[in-house]
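Open the model in your viewer and keep the selection tool at hand. We will go from one selection to the next, looking at what turns up at each stop.

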Amino acid sequence: MSATLLIVDDEEKVRRLLEDFFTNEGYRVTLASCGKEGLERFVETVPDLVLLDIRLPDMDGIEVLEELKRLNRECPVVMATGYASVASAIKAMKLGAEDYIIKPFHLHELKITVGRALEKPAASHPAESSTVKGKSGFDNIIGDSPEIKSVLATVSRIAKVGSATTLIRGESGTGKELIARALHFNSPRSDHPFVEVNCTAIPETLLEDELFGHEKGAYTDARTQRRGLLELADGGTLFLDEVGHTNQALQVKLLHVLETQAFRRLGGTKDIQVSTRIVAATNRDLEKAMQDSSFREDLYYRLNVISIYLPPLRERGDDVIQIAEHYIDRYNREYDRDIRGLSPESEAILKQYHWPGNVRELKNAIERAILLGDEDIVQPKDLLIDWRSKEHTTQVAKPTVEITVTGDVRVAFPPGGISIEAVEKRLIEESLKATRWNTTRAAQLLHLSRDTLRYRIKKYDLGFMG
Ligand SMILES: Nc1ncnc2c1ncn2[C@@H]1O[C@H](COP(=O)(O)OP(=O)(O)OP(=O)(O)O)[C@@H](O)[C@H]1O
Ligand SMILES: [Mg+2]
C-alpha cells in the first residue's frame, strides 16, 4: 500500500507542485493550507508522514509540530524552513521532528529526505512502540503470572468493545499507561489517535482548556479558536492519567461528557458531539477519596464501567525475574554491553524485595546495573535497591481480597493460598464495620439472614471486634 503524505504549506503554488510530484511518485497526498487545517487532516487521514512548513499564517509550525507529536508521537514530521529559520528547525528536531529541509528545495532532495524519514523505525522508544504494534499487541507486557494473564485477558476482551469507559487502577509503576496503550492499539479505534493527558502535570486552570478547547475570545488570551484534546481524540482514545487528582469543577464537566458524549468549548454555545473512548487511570484510593468528598461518586461509577486492576509487582511471582531479564536484554543492546544475566543471589533479592515503585523501579534498577555493573553477571552490589529494608517481610505475604462496590470480585492470592473461612471472616468483619455493627444491614449486605450472620459472628469469635 502506498504511503500517505500530509503536506501543510500556506503557498498554493508549493502545495500544487508537491501534490503533483508526490502523486507521480506513487504516494497518496493530502493538503492543508494552515496549521488548524493541518491538524484536522492529520486526525482524519492518519498520514504516514507530514511535511510541515515552519511559517504558517495561523499558528507557529513548532506549535503545530507539538500538537502533532502529542496526537501521535510516532508519525514522522519533516519541517520545511527558509534559511532565516534554521534555528527553529533545529528546535523542531529536538521536539521530535524527523528531519528538516531548507527552502527553496530541489524536489529530488525532498524525495530522498521523505523516503529516508519513512524508512526509519518509528519512535524513539523502540520497546514501548513495539508493545502495541507487535503481532499480539501485548509483546512488551512481560510476565506470565496468573495475575498479569488475567489482566491481559480482560484487556483483549474489552479492546474489542470499542467504546466502554475503562478505569485502570494500581500502584505507581505497575504499567497502567502501558495497558491503556495496549487497549487502544488493539481496539477498532487504533487508526485514530491515542491522546494522553496527565491531569497532574498541567495546572488546573489550563487543564480545562486543554481538554475542551476554546472559542476565539473566550478569554483575553484566546485570540484564535482552539480545539481541545477531546475533539482531537475523536474516534480514538483519550487517556486521562491521574484522574483521581482532578478538581471538583472538572469532575462535573467530565461526568457530563461521559453521560452525553458531548461538551462545549470554553466560551462556546453549541454542544459538540464526540466519539472518544475515555480510559482513565489513577493510583489514588478512590473509595477513600469519595469518603472525604474529594472525588465524586457519580463520576466514579461512570468511569468504572469496566475496571482493570494491576496488581503490584511483588504479587506477580516470578514475573519479576522475567521482566528483569527482558530489561537486561534491552539495556545490553542500548548501552552496547554484554551482561549475561542475574547471579543467583541477585535473583533471590529481586524475588523478595517489596518493590514499592513496581515495574518502573525494577526497570531503573536494571538500567543502572547494566550501565555500572563491572562483572559479567548482575551482582547484588549492582542493584542499588534498598533490599535489606524490613518492609518486604511485612508486605509480601499480606493476603488481599479486594471487593469493589460494583460487585466485581478481585482476589490476589498470597503465595501460600488462603482458606475460604479466612475470607468469609474478613467479609463479615468488613460488613460489620461498614454498618457500624447494625447486624440487620450487615446481613443484607452479605445476602444472609440475620440468624446466619449471628451464627457466623459467634463461629468466628467476632463478638468483641472493635
Ligand atoms: N509488565 C511489564 N513488562 C515490561 N515493562 C513494563 C511492564 N509494566 C510496566 N512496564 C514498564 O514500567 C514503566 C512504568 O509503567 P507505566 O508508566 O505504564 O506505569 P504507571 O502505572 O502508569 O505508573 P504511574 O502510576 O507512576 O503513572 C514503563 O517504562 C513501562 O514500560
Ligand atoms: Mg502512568
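Select Ser 172 together with ligand 1: in this predicted model, a polar atom of the Ser 172 side chain sits 2.9 Å from an oxygen atom of the ligand. Then pick Tyr 327, whose side chain places an N or O atom 2.6 Å from a nitrogen atom of the ligand. Taken alone, ligand 1 exposes 640 Å², and the protein buries 91% of that.

Now show the whole shell of 16 residues around ligand 1; those that come nearest are Gly 173, Lys 176, Tyr 327, Arg 360 and Lys 363.

Next, colour by domain: ligand 1 lies between domain 2 (132-310) and domain 3 (316-394), because both give residues to its shell.

Move on to strand 6 (residues 166-170), where 5 of 5 residues are buried. Thr 166, Ile 168 and Gly 170 point one way, while Leu 167 and Arg 169 point the other way.

Finally, bring in the strands that pair with strand 6. Strand 13 (residues 277-282) runs parallel to strand 6, joined by 4 bridges, and strand 14 (residues 306-310) is also parallel, with 5 bridges. Centre on Ile 168 to finish: Ala 281 stands opposite in strand 13, and Ile 308 is the bridge partner in strand 14.

Terms used. Residues are numbered from 1 along each chain as its sequence is written. Chains are lettered from A and ligands numbered from 1 in the order in which they are written. This is a predicted model: local features need pLDDT of at least 70, side-chain atom pairs count only at pLDDT 80 or more; totals for chains, interfaces and linings use all residues. Side-chain values use heavy atoms; hydrogens and water are left out. A residue is near a molecule or strand if one of its heavy atoms lies within 4 Å of it. A polar contact is a pair of N or O atoms within 3.5 Å; within protein, one must be able to donate a hydrogen and the other to accept it, and residues adjacent in sequence count only if both atoms are side-chain atoms. Accessible areas come from the Shrake-Rupley method with a 1.4 Å probe; for residues, only the protein chains shown count as cover. Domain bounds come from an automatic or database domain assignment. Buried means under 20% relative accessible area, exposed over 50%, partly exposed in between (1.4 Å probe, protein chains only). Helices (H or I, at least four residues) and strands (E, at least two) are DSSP runs, numbered from the N terminus. Two strands pair if DSSP finds at least two bridges between them.
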